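Here are some short notes to read beside the structure. Keep the view open as you go through the points.

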Amino acid sequence: MPAIVIVGAQWGDEGKGKATDLLGSRIDYVVKFNGGNNAGHTVVIGDEKYALHLLPSGILTDGVVPVIANGVVIDIEVLFHELAALTARGVDVSKLVVSANAHVITQYHRTLDKVTERFLGKRQIGTTGRGIGPSYADKINRVGIRIQDLFDENILRQKVEGALHQKNQLLVKLYNRRAISVDEIVADLLSYTERLRPLVADTGLLLNQALDAGKTVLFEGGQATMLDVDHGTYPFVTSSSSTAGGASTGSGIGPGRIERVIGIVKAYTTRVGSGPFPTELLDESGEYLRAKGFEFGTTTGRPRRTGWYDAPVARYSARVNGVTDFVMTKLDVLSGLEKIPVCVAYEVDGVRVEEVPVSQSDFHHAVPIYEEFPGWQEDISAARSFDDLPRNAQDYVLAIEAISGCRISAIGVGPERDAIVVRHDLLN
Ligand code: IMP
């Protein structure tokens, strides 16, 4: 089996780590291809809970080579902080490989992220404030700093000078902040050079060679489809390609190598930050989902917005990613409800619409059309086969499968690594 991609099919935090775990020992490489430390996966192994922001979750699986590819933006301080925290807990992190072409997040990116958000006022995106957008903006503007620049002090200095030239004008004259010194940034970045050196490689070459040798490579998308800079709810999105296509540009493998695309959907929906969210619940049902699903951001701690399952969003994700399998997570959170509403279509200006509208303003005021399914009262966390699930839970999954554009191959029934019901092999 060659390359497999895992992507969030909603607005993030779907629990992608669960699918990674499921593939576990069959994977040789786990690659992060987009985003930075704005991501957050929580992985529970036994009694231990790990919250990762920058590192791919595969770092916790023995025998796997974790790779941070060229499409990622790296806050180097965070990188070494996460590595140190894992090492202190006995995790072997020695196999990590980092792309020489990945871009760096520096202090000025973090500062600009915060000040530009403040200036947007009511139109703010609600970013994680980690400098993600400004670092990608520099990449596209061709004034970014790459990991490989840290190995040549002269070049690094020239590039930092180039980047700060305009930014300091902005910071001082527009945002009323202090100027950032070139020396300070260069010294900070150079302080990591020797520690980085053994980790850095041509990851595009490495991954192609691995695939040529018949290895299995898993591409783990950060964020999610509806936060993708092209296909998400722009401008309320992150600044990278978080759909399956991003795995190719973000890592340097040809798209034809990708054989499976696994989309992760929660049994309901959540979103962090601003932007349209048709099924959002602003009442006690939303509170219920937040409390029961423990829906608070792994990265920022912010309460997540919550709502019912949105089938048009799932169908859209199936389409733009070419999803071959869905993994549904957190079905257990719905246990105990009398009725479970599912959005099957929208009403836009009095017209029934089956698909996610292309117009931003239509999506902003799309009103969900719900169908209600009977709930179940049983605790499902011990279920390990589809037949172990109560009839109504089975029917809920089957009904969702019929309207979501792809088969649901596995179902998460609890936070533990093994709390999952598998219906179809994800790799076949
Ligand atoms: P940024 O990625 O920090 O620029 O934030 C842009 C938008 O993406 C904001 O609405 C964030 O809340 C959202 N976002 C970024 N990363 C994640 C994630 O891992 N899960 C959920 N939302 C995210």
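1. Start with one pair in this predicted model. The side chains of Asp-75 and Arg-110 form a salt bridge, at 2.6 Å from N to O. Asp-75 sits in the loop between strand E6 (73-74) and helix H2 (76-88), and Arg-110 sits in helix H3, so the bridge ties together parts 35 residues apart in sequence.

2. Are these two partners buried or exposed? Asp-75 is buried, at 5% relative accessibility. Arg-110 is partly exposed, at 23%.

3. Next, look at Arg-304 and Asp-13. Their side chains also meet in a salt bridge, 3.3 Å from N to O. This pair links distant parts of the chain, 291 residues apart. Arg-304 is in the loop between helix H10 (284-292) and strand E13 (305-307). Asp-13 is in the loop between strand E1 (3-8) and helix H1 (16-23). Arg-304 has a relative accessible area of 6%, below the 20% cut-off, so it counts as buried.

4. Now Lys-16 and Glu-14. The closest N and O atoms of this salt bridge are 3.7 Å apart. Lys-16 is buried at 10% relative accessible area, and Glu-14 is buried at 1%.

5. How many salt bridges are there in the whole structure? The search finds 25.

6. Finally, the helices. H3 (residues 107-120) packs with H5 (residues 153-174) at about 40°, with axes 12 Å apart. The two are therefore oblique to each other. Their crossing is left-handed. Contact residues include Leu-112 and Phe-119 of H3, and Leu-164 and Lys-167 of H5. By class, the contact has 8 nonpolar, 1 polar and 1 charged residues.

Note on methods
Residues numbered from 1 in each chain as written. Predicted model: local features only at pLDDT ≥ 70, side-chain atom pairs only at ≥ 80, totals over all residues. Heavy atoms only, no water. Axes fitted to C-alpha atoms, helices over the stretch in contact; angles between N-to-C directions. Helix = DSSP H or I, 4+ residues; strand = E, 2+ residues; numbered from the N terminus. Parallel < 35°, antiparallel > 145°, perpendicular 65-115°, else oblique. Left-handed = near helix turned anticlockwise from the far one by under 90°. Contact = heavy atoms within 4.5 Å. Nonpolar A, V, L, I, M, F, W, Y, C, P; charged D, E, K, R; others polar. Salt bridge = Lys/Arg side-chain N within 4 Å of Asp/Glu carboxyl O. Buried < 20%, exposed > 50% of the residue type's maximum accessible area, 1.4 Å probe, protein only.
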